[in-house]
Amino acid sequence: MALSLTVNGEQRSLEVEGDTPLLWVIRDELGLKGTKFGCGAGLCGACTVHLDGQPVRSCSTPLELAAGGQVTTIEGLGDRDRLHALQEAWIEQGVPQCGYCQSGQIMSAAHLLATNASPSRDDIIAAMTGNLCRCGTYSRIVAAVESVANATPSESKEGA
């Protein structure tokens, strides 16, 4: 089945069964390995990407649901010359441990900041609740999101 979608700003046409999980299309067909497979049931958030600006669990989203849509993965969050403000904050706060959940965490945080530029600590915690981290870096994740939210707009919210 031929389906098309836009991934990180690039139009892509694929010959893949419509019920193929979006995660496998992203990783296996398009070679974008930043999005991770976690639980396979949409429960841990490791596979979070944006579909038409909304965070979705790509492991449980069939390609046919994403067809014609705009998908943004962790690779598409920043650009070639500059990391996204959240990616920089993640590094500054020393968030990653094993790193496995981090792309999903950052994608959820990016959606939060895109919809609420000045979230409270409670807003951040609520928005990140669906993303699990087996290393327990939750306090660093909150600190990283707060640092971006508290930065001046020209410094780091651009593109959030």
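Val-7, Asn-8, Glu-10, Arg-12, Leu-32, Glu-75, Gly-76, Gly-78, Asp-79 and Arg-80 line the largest pocket, which holds about 200 Å³ of space. A pocket is an open set of points on a 1 Å grid over the protein atoms alone, where a 1.4 Å probe fits, with protein on both sides within 12 Å along at least five of seven lines; lining residues have an atom within 4 Å of a point. The volume is the space filled by probe spheres set on the points.

| Lining class | Residues |
|---|---|
| nonpolar | two |
| polar (Gly among them) | three |
| charged (Asp, Glu, Lys and Arg) | five |

This is a predicted model, in which local features need pLDDT of at least 70, side-chain atom pairs count only at pLDDT 80 or more, and totals for linings use all residues. Residues are numbered from 1 along each chain, and side-chain values use heavy atoms, without hydrogens or water.

In helix 1 (residues 22-29; helices are DSSP H or I runs of at least four residues), Leu-22, Leu-23, Val-25, Ile-26 and Arg-27 are buried, meaning under 20% relative accessible area with a 1.4 Å probe. Gly-31, with a positive phi near 70 degrees, follows helix 1.

How values were computed:
Buried < 20%, exposed > 50% of the residue type's maximum accessible area, 1.4 Å probe, protein only. Helix = DSSP H or I, 4+ residues; strand = E, 2+ residues; numbered from the N terminus.
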